[in-house]
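Q: I am new to this structure and would like to go through it in short steps. Could we begin once it is on display?

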Amino acid sequence: MLKTRCSLLFYNYKTTVFIVVTLLICNSGNSLFGQTASVDTSHIKILRIDPENANGTTVSKLFEKVNFIPLETSKDSFFSDIDRLETTSKYFVILDISTGSILIFNKTGKFYKKVSGSKIRTDAGLNASYRVGKMELTDDKESPLIQVSVGDYSLFYNLECQLVRKESSKLPPRSRMHRFSEGTLFQTNYPTKDSTCYGLVSFKANKILNSYFPYQKNQYKNSEFIADIDARLNNSYIDNELFFTRRFDYQIYKATPQSLTVEYRVVFPAMYHLPVDFEQTALTIKEMPQEYFRNDQKLAGVSDVLKIDSKLFFRLAEYGKSSYHDAFIYDLKAENLISISHIEPDSLSSFLPVTDLNERNGFSNSNFDFFDGNYLYTHFSAYAFFKMKELNDNKNITYNPELIRFFDKESRKSNPIIVELKPIKN
Amino acid sequence: MWLRPLIIIIIAFFFHAHPVYAQQKIPVNIGSAKGILRDTVRNYLLRSATLSVYKVADSSLLSYQVSNNNGEFNFKNLPLNTPLRIEASHIGYQTINKIFSIPENTKFIDLKTLKVSPGTVTLKEVSISVPPITMNGDTLEFNAAAFKLDSNAVVEDLMRKIPNITLWGDGKITVNGREVKSVLVNGKPFFGGNPKIATQNLPKNTLEKIQVYNTAPKDNPQDSTLEMNLKLKKGKNIGYFGKIGIGLGTDKRYETDASLNLFSPKMQLTIAGASNNVNKVASNISTLLENSTFKGVYAGIDYMPDFRLSGIKRPTEGGFTFNYDFADNKGPNQQRTLASNYFLQNSNQKASSNTQTITALANANTVIENASSNDNKERTHQIFNSSYKWANEYSNVNFSHSIGINHNIGTGETSRSSQNEKHQLISTNNSKDNSSGDGTNLTFSINYNLSPAYSRKKQLLGPNKSLGFNLNYKISTEQNHNSKNNITEFISFIDHQQNKRFDRLYDLKSTNTNQEVKLSFSDLKTVLFGDKRLPRVSLNLVNYLTLLNKEEQSNIKDINPSLNDYVVNPHLTNVSSYRSIRESPAFTIQKLYAKGMANRYIKRLAISVQAKVDFLSQTNRSEKSFQNLDLLYKRFLPFASAIFTDNQFGHSYKEYSLSYSTKMNIPNIEQLAPLVDSTNLYYIQKGNLNLKSSYTQSLSFSFENRILRTKNKLDYRLAIEAAMIKNNLTDSMLIDAQNIRTNYVVNSDGSKYISYGGSINKAYKLKTSEIQLSLSSSFSHSRNPGYINGVLNYSNFFGTTSRIKIFYTLKDLLALELSEEYRTYSSKQAGLNHVQFDNVNSLTTISASYKLTKKFSINNNISFNRNTSSGLKPINYTIWNTSASYRFLKGNNMEFKFSALDLLRQNTSIISRITANNQVLGTQNVLRQYFMTSLVYYPRQFGKKINQKKTE
């Protein structure tokens, strides 16, 4: 299933059949936009990452506060899964793709309001075949609007769930967008009117500022291995900064309204490293990538980059093998790599895990849901939460009253649980 | 009836007479030990590591488990005050050991944190001890080397030793309660895919590991199915195994069989043959193969001759199967396989029977017919077929052909006499037959399938449009030549004028050609209405076209007593041709509703409606003008179904299905306008040109529930079906005073039936034993109209079956199966009279296999039969088969076996059946008591001989 991540927009590498690549940076295509802008490589920091030797740590060494917030389960508030989560000062705003609805809960988990999928489609004038696919909050910190994408429309609701306005918007498939507060807009996979596409383009006031990574539209048409271009925007949660990553490229780019710079270059041990010219090789491969990498541990790229203080959160995409332990934290100061699957529960988290990565549940698809500058959010299904609690059943653990109530009164079918984590800052 | 409880007591006593042996391996285990594993170098809890507990004294493996998500382990049922060794291992870590013992007073020990250090990857290969169970990504692996078994053990014996795996009485395999859907060897089906061929033949010592993994669609892991792969040790993927057996018995009984199976990574070849006169009939190579597996050290229920089969059969059969894989290791979506089979069967059957048929007539009158018959038939049948499969990601093609050659020859004698209700003889009809026949048939078919995903990916029909396509063409021709001589004498004791004698020669030739074309288009909706409109609707179009051509030539001659020679019978001698064309287009609309909540449940409702029209034309041309027919049938045949499934993840799975279907049945030429052969005066079939097609409407409902939440899962299901038939093709029989029966097929309304079936299955896996329980019952009722001497009669039939089965295994020592079956039949007439026929059968079976020593085992199979029919005394008989077998030679390759079959000499095999207003009772010749001594040799070689020496 396609899921959005905390880093602006994402879908799982491994479950995607049509694999994507970008062209060589230096590829010179004749563009309507003139010359392709150059990427600043003067400030590269090299990160040496050996995933096999990532370390473990405990919850309390990473976080100063952990809250498990069960979302109220009632007839009105019952929903399927958290496909996207954003927070305001008072509320959790949730997109549930399978019911197509937007749900609002207050910060203690009590249900507040919702817009049902059918109302969204009615407001857009569309029939039941259209899926509500995206949701995000606008930048207005005081009274943000909920922007919902369905069909070729963007609908804006206020936090009282009233429709404020409706706009038509059409993004090409696989194209993603991010708007900086100062007005600059970044779009991935931007097609021009001729045969050229760009991996990344920046606009301001409908004028193109810079264009990067050009490629020909039909370049990958006959390749089973690479069917399209994949480029991702990762919200850095810092004003006017954005992380940008690409398939088969081990560099982490930082986009600002003015420029695109290579911030980090990740180097892996040889067994994980793709050959340097792999982008070109990939064009000639006839098999599907899962087949090609059947007996290999090669890593396809870095994604979901988030920087909190001196800690860099990221995921690695691996072909073929199971990769539920592919989420990491790199402490840039201590130069220590931590595996998220080896964060050991301790008393701070009532000896319960803080992600469901080891249950092979939601986290492996959805990563961390949101970072609001102070708190990092993820979620569990009640099904996974009860399974985690079972491991503690023969120990003498005292849970807080809210968890005691949850385990007593609720069931595996209850609404998901939001995990609120406050990272320790240096 | 005294025998049944006595034998049960004897068996029960016998099985409990060896308690010492049975309990030797079950010490008093009440201590527990827990701890945590930690990688101290990387500072984390080590999950999915294997912990094994061994007894220090003899290094025997007591228990094992995998550390949980918190790196914890907790062993229960360990012996107290005994030195024990715990071993922790994980890929990429150095294996650690710790000696401990559980104090008697606390019955518990906390081993605290066991520290493990990363090691180099190669350490795994040089490590001396192998953990019994490991998690390799999502694959659960059982390492064969960790389980100590007899050197002659096979894979099945290893599976019984693994607590996580359950082998069921019916051949099913489950791992941690979930059913394994397919068993592969090195990633491929092994000799036809029957798991027994692999698990009962492959030695445990050739196996590196058993891998168990999910083959789930990623979007719905709860719907996943389990697959098992038997990974052979390096160099063991080539070899042969087989069986040569011979048995001689009293009463000139014999059985012999031989098979040889060769395999390599790309090729599998089987050559097999068998011959016996003890009713062991195999209809193909797979059955032969299934019954000649090596089997290992565990007790298992033996394959016995079928004592309930009528007559004595003497089959001789053999053949080969050959499979070749041209696309070895080209990837899972690539298939290039050739499969060929040849099978020859020669079967001789001697059958004799004595029956009495009571036919109820109007006014409480009956006709009683006594018949005795003797038949001797010999049939030779050869079949050769091949198929080649080619597949890639989007399409597959399958070519197949088949050639069959049949030859049969037979003689038969029947003497029949009829009495009225006062037991006065009214007529006799005696006949003798000599027949022979030859036939050949040839079939070729091609099937091409293109998945809708292809047109979508290539955008052949535009963006987001797709169309699937399937073409199936089959042509078959059949040629038969049959000849027969029939001599019949009919004597009437009422009217001597009616006495008749026939001596008739038949020479019949026929050629049939049948062609079938099935063309279907799936996913039509996206083409007609686009991707967005009509969500979750699918439209499919299928067209069936069948052409049948039949040419028949019959030459019939009768003896002319004055000439003492055969002269042509102008009435029956004929040349005819028959052609039918059936065209059936069908259009299906399906709408799918789904409602799901992530990690909780998914409910689906699929509603299908099909509109189908059946056009059928029949053309018959004959030298006999009344057989020149041109008939056309046309009928609308609707179908509708609704299937609802409710999958509550990790809790239960329920499926409800309701369907309505219709069917047209057309009369054939034999029913419309037959050439009447009057040699059998007890049954003369006449034609009816006014026959119409019949129309069946049926409604069926089924319900299935699988409770998944517990280890000992429970399944139950039930199904109900009811139908009404309009214009059903039924009999109208005229029976005269001499029991000369003339039958016409007529259309009549009022045919209906209802049937119900239900079953419950449950299994308990205990520490050293296993109990499997299954209960089933069924009920059916039908009402069939028919005319007898012009009077409309309804035969109401009621039947019930109830069955309970218990399967019990205790370690490798005992396998026991108990089953009780109770059947009732009843037929009641309404209209003609109110005669009722009742029949009750009960059958209790006890099968047991017991291992006295590692090499010596005994088998018992006892069935108690009781048959009660209206107006007769109950008949009881017991069939007791027993055998003792001893295996010798180093590899247990040789088996000596002594069998005593039908030990009580009670097999009578009663005939007792009810059809409409007839009750048939009688006896037939069956296999009876014999004793047999047999010797079996199993040639076996796995891996090349040179390699084997090296590895040893």
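Q: Setting aside neighbours within four places in sequence, which residues is A:Ile94 in contact with?
A: This is a predicted model. In it, A:Ile94 is in contact with A:Ile82, A:Leu85, A:Ile102 and A:Leu103, leaving aside neighbours within four places in sequence.

Q: Which residues have the most contacts inside the largest nonpolar core?
A: They are A:Ile94, A:Ile102, A:Val148, A:Phe244, A:Phe328, A:Ile417 and A:Val419, in a core of 89 residues. Apart from that core lies another, of 53 residues, and this one includes B:Val155, B:Leu202, B:Leu207 and B:Ile285. As a general matter, nonpolar side chains tend to be buried together in soluble globular proteins.

Q: Turning to helix α2 of chain A, which of its residues are buried?
A: The helix spans residues 117-124, and A:Gly117, A:Ile120, A:Arg121 and A:Ala124 are buried in it. These residues cover an arc of only 95° around the axis, so they are on the same side of α2(A). An α-helix has 3.6 residues a turn, so residues three or four places apart point the same way.

Q: And what does the face turned away from the buried side carry?
A: That face of α2(A) carries the exposed residues A:Ser118 and A:Thr122.

Q: Which strands do the buried residues of α2(A) pack against?
A: They pack against β6 (101-106), β7 (111-115), β8 (132-137), β9 (146-150), β10 (153-157) and β11 (163-168) of chain A.

Q: What follows the helix?
A: A:Gly125 follows α2(A), and its phi is positive, near 75°.

Q: Now chain B. What domains does the domain assignment give?
A: The assignment gives domain 1 (29-128) and domain 2 (138-237) of chain B. Their C-alpha centres lie 26 Å apart.

Q: In what order do the seven strands of the open sheet in chain B come?
A: The order is β9-β10-β14-β15-β13-β12-β11, with mixed pairing. At the edges stand β9 (133-136) and β11 (165-167) of chain B; each has a single partner strand, so one side of each is left without a neighbour in the sheet. Neighbouring strands of this sheet are turned by 30° against each other on average, direction ignored.

Q: In which sense do β13 and β15 of chain B pair, parallel or antiparallel?
A: Strand β13 (residues 178-185) and strand β15 (residues 226-232) of chain B pair in the parallel sense, over five bridges. B:Val183 stands opposite B:Met228 in β15(B).

Q: How many bridges join β20(B) to strand β21 of chain B?
A: There are 26 bridges between β20(B) and β21 (residues 366-391) of chain B, and the two strands run antiparallel. B:Phe343 has B:Ile383 in β21(B) as its bridge partner. Strand β20 (residues 335-360) of chain B also pairs with β19 (residues 312-325) of chain B, in the antiparallel sense over 14 bridges. There, B:Glu317 has B:Gln345 in β20(B) as its bridge partner.

Q: And how does β20(B) pair with β47 of chain B?
A: The pairing is antiparallel over seven bridges, with β47 covering residues 918-924 of chain B. B:Ile358 stands opposite B:Gln919 in β47(B).

Technical notes. Residues are numbered from 1 along each chain as its sequence is written. Chains are lettered from A and ligands numbered from 1 in the order in which they are written. This is a predicted model: local features need pLDDT of at least 70, side-chain atom pairs count only at pLDDT 80 or more; totals for chains, interfaces and linings use all residues. Domain bounds come from an automatic or database domain assignment. Two strands pair if DSSP finds at least two bridges between them. Helices (H or I, at least four residues) and strands (E, at least two) are DSSP runs, numbered from the N terminus. Axes are lines fitted to C-alpha atoms, for helices over the stretch in contact, and angles run from 0 to 180 degrees between N-to-C directions. A nonpolar core is a set of buried Ala, Val, Leu, Ile, Met, Phe, Trp, Tyr and Cys residues joined through C-beta atoms within 7 Å. A residue is buried if 20 or more other C-beta atoms lie within 10 Å of its own, exposed if 12 or fewer, and partly exposed in between; C-beta atoms are placed from the backbone. Two residues are in contact if their C-beta atoms, placed from the backbone, lie within 7 Å. The arc is that of the directions from the helix axis to the C-beta atoms.
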